[in-house]
Number of protein chains: 2
Amino acid sequence: ALAAPAIAQTNPKVTWRLTSSFPKSLDTIYGGAEVLSKYVSEATDGNFQIQVFAAGEIVPGLQAADAAAAGTVEACHTVAYYYWGKDPTWALGAAVPFALNARGMNAWHYHGGGIDLFNEFLGTQGLVGYPGGNTGVQMGGWFRKEIKTVADMKGLKMRVGGFAGKVMERLGVVPQQLAGGDIYPALEKGTIDAAEWVGPYDDEKLGFYKVAPYYYYPGWWEGGPTVHAMFNKAAFDGLPKAYQSLLRTACQATDANMLQKYDYLNPSAIKRLVAAGAKLSPFSPEILSACFDESNKVYAEMEASNAPFKKIWESIKAFRAEYFLNAQIAEYNYDTFMMIQQRNGKI
Amino acid sequence: ALAAPAIAQTNPKVTWRLTSSFPKSLDTIYGGAEVLSKYVSEATDGNFQIQVFAAGEIVPGLQAADAAAAGTVEACHTVAYYYWGKDPTWALGAAVPFALNARGMNAWHYHGGGIDLFNEFLGTQGLVGYPGGNTGVQMGGWFRKEIKTVADMKGLKMRVGGFAGKVMERLGVVPQQLAGGDIYPALEKGTIDAAEWVGPYDDEKLGFYKVAPYYYYPGWWEGGPTVHAMFNKAAFDGLPKAYQSLLRTACQATDANMLQKYDYLNPSAIKRLVAAGAKLSPFSPEILSACFDESNKVYAEMEASNAPFKKIWESIKAFRAEYFLNAQIAEYNYDTFMMIQQRNGKI
């Protein structure tokens, strides 16, 4: 029943700028901001515009949250762990080693109090944020030679940052910081021995399989990293309530959409990569266990010295134990059966 | 930058009625429609209202899509496989045995052409639909005694419907149709031997563990069932473009939200159920394989006789093989490692 507009309600003109942490070439993760912008614009007949700028167009990718906090732009699309050097609490909103997978992380954010807990922290930084993307568990990266033991990690020059870099450094790895475009030549020349990037679909574009064919998994430092849409707090608080709600809804849809897109694109990419020469290799149990133990030591140190970190990490940990108990019942058994059929050529 | 409303754009008053297939007591799945209604209302300052009615308030739960198609209501929130008796093609939009899990199903819907393919079919029924919820893989149900072999299934009176009921019938099960409220007394008296419902959080409310303690998994007929929001096609086509877009965005957010809520609620429910006496039992490989083989025979028959079914099923099958190949790499290994830590009390 479409009635005449009895009470006309205006959609005020709002134009925001959003700075992404990603280059346009990473179409799926960069595209998340474009999806968000489209959803918001369409629902308001073009009255609420969010103009999306790629990394570097306004500020460098790793300063996106700073630009939104300062009001240089109203919004950014970024991964919270990029800012962990300021305070490791940042990383908890995105991904930390051996934490939740994508479904678990979303369950915690949306129903386990995660969004509110993390916004309590973001508020102190002048920001408000909502999940706005997820890549699923990432790959562990590309290695020039096989690594089977913790001893093999000693002296390994690996392009890896953040929390994972810190854990690996304690196990002998020499973490390297390199921008995306510099990784391939460094691997080719042997200036570095290994590099982590994202997952099959994104990694394929950079051609790492040609120079570092051992493709390890899983990326234990990113079980299901949340990409965030973050907003300057004053700008967000100044929006009409309807626009605030629309932004939240559009973020939740965008968050789902990115994972859906990766889940659709990664399967065909992994097939092409293997056909092109990538050698799929699981991290050995020895390596995973050493990284798990070392991560727990880092967590203990952070909990002891950082109250906001401890508060959020305790919340994630409590849910993590229950989540991975339940997941091993129906979900794991269903998936396992279907994977066996796949291996046997029955599907 | 919040500017004065230069070009006022009206949100016209629209009031729709939505009939749910679910009772209010199933707060998570019924709640999906309330979430959708809230998202749409808030984003339009209350101008686009979707009034939600529980199963039975306007029409019985299993006639929700018919009511929306006929224009009795503008919208419904339902599961497409309820209507498979009209044409098995309906079921493909929701879940069929041994198909995709929740992430796979969403990837197919949103990026593998699933939404368009299914709407091509729904359009012939006077409807347009979007995913608006997912439960994750369901449990296989509650059994009064153990079943270990296909022979144990012979003569078993089980409350199970639809596609799964047809497959099980061919293996000797006697499918029973019972409304939710009638299941417990039938199990208690032994009028039926087994019953499937949903998963831990919903099953707990009905208390089945007291009378049929063997709780089997996984529900191989519902690896990740999509709950749909469906709209009367003429009503949807008559909406302003902004409202159409808002509805799609709100559906995508609602779809994600339901799975997030189940993923948060099921873990604590399964712990309580086991503490109360539920005996968790995986279906034996013999039973799963027999059901898989029999399902494939049913698919072959349907493909041979039903062109719309064949078209959509071919699309799902092609993606299924790739999806379960990729899923066994990073995702499966990450989850497995975390589950081992859970079992060892390390998380």
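Two residues are taken to be in contact when heavy atoms of the pair lie within 4.5 Å. On this criterion, B:L187 in the predicted model is in contact with B:R144, B:I192, B:D193, B:A194, B:A195, B:F208, B:V211 and B:A212, its neighbours within four places in sequence being left aside. The residue belongs to helix 8 of chain B, which comprises residues 180-189. B:L187 has a relative accessible area of 0% and is therefore buried. One of its contacts, B:V211, stands 24 residues away along the chain, and the C-alpha atoms of B:L187 and B:V211 are separated by 6.3 Å.

A:V52 is located in strand 2, which covers residues 48-53. When residues up to four places away in sequence are not counted, A:V52 touches A:L18, A:Y30, A:A33, A:E34 and A:S37. Between A:V52 and A:A64 the sequence separation is 12 residues, and the C-alpha to C-alpha distance is 12 Å.

At the level of the whole chain, the secondary structure of chain A consists of 14 helices and 11 strands. The C-alpha trace of chain A extends over about 70 × 50 × 45 Å along its principal axes. Of the 347 residues in chain A, 62% are buried. Contacts in chain A between residues at least 6 apart in sequence were also considered, and 77% of these join residues at least 24 apart.

Chain A carries 31 positive and 33 negative charges, whose mean positions are 3 Å apart.

A:C76 takes part in no disulfide, and the nearest cysteine sulfur, belonging to A:C251, is 11 Å away. A disulfide would require the two sulfur atoms to be within 2.5 Å. A:C76 is classed as buried because its relative accessibility is 0%. In chain B, B:C291 likewise has 0% relative accessibility and therefore counts as buried.

Terms used. Residues are numbered from 1 along each chain as its sequence is written. Chains are lettered from A and ligands numbered from 1 in the order in which they are written. This is a predicted model: local features need pLDDT of at least 70, side-chain atom pairs count only at pLDDT 80 or more; totals for chains, interfaces and linings use all residues. Side-chain values use heavy atoms; hydrogens and water are left out. Helices (H or I, at least four residues) and strands (E, at least two) are DSSP runs, numbered from the N terminus. Buried means under 20% relative accessible area, exposed over 50%, partly exposed in between (1.4 Å probe, protein chains only). Lys and Arg count as positive and Asp and Glu as negative; His and the chain ends are not counted. The place of a charge is taken as NZ of Lys, CZ of Arg, CG of Asp or CD of Glu.
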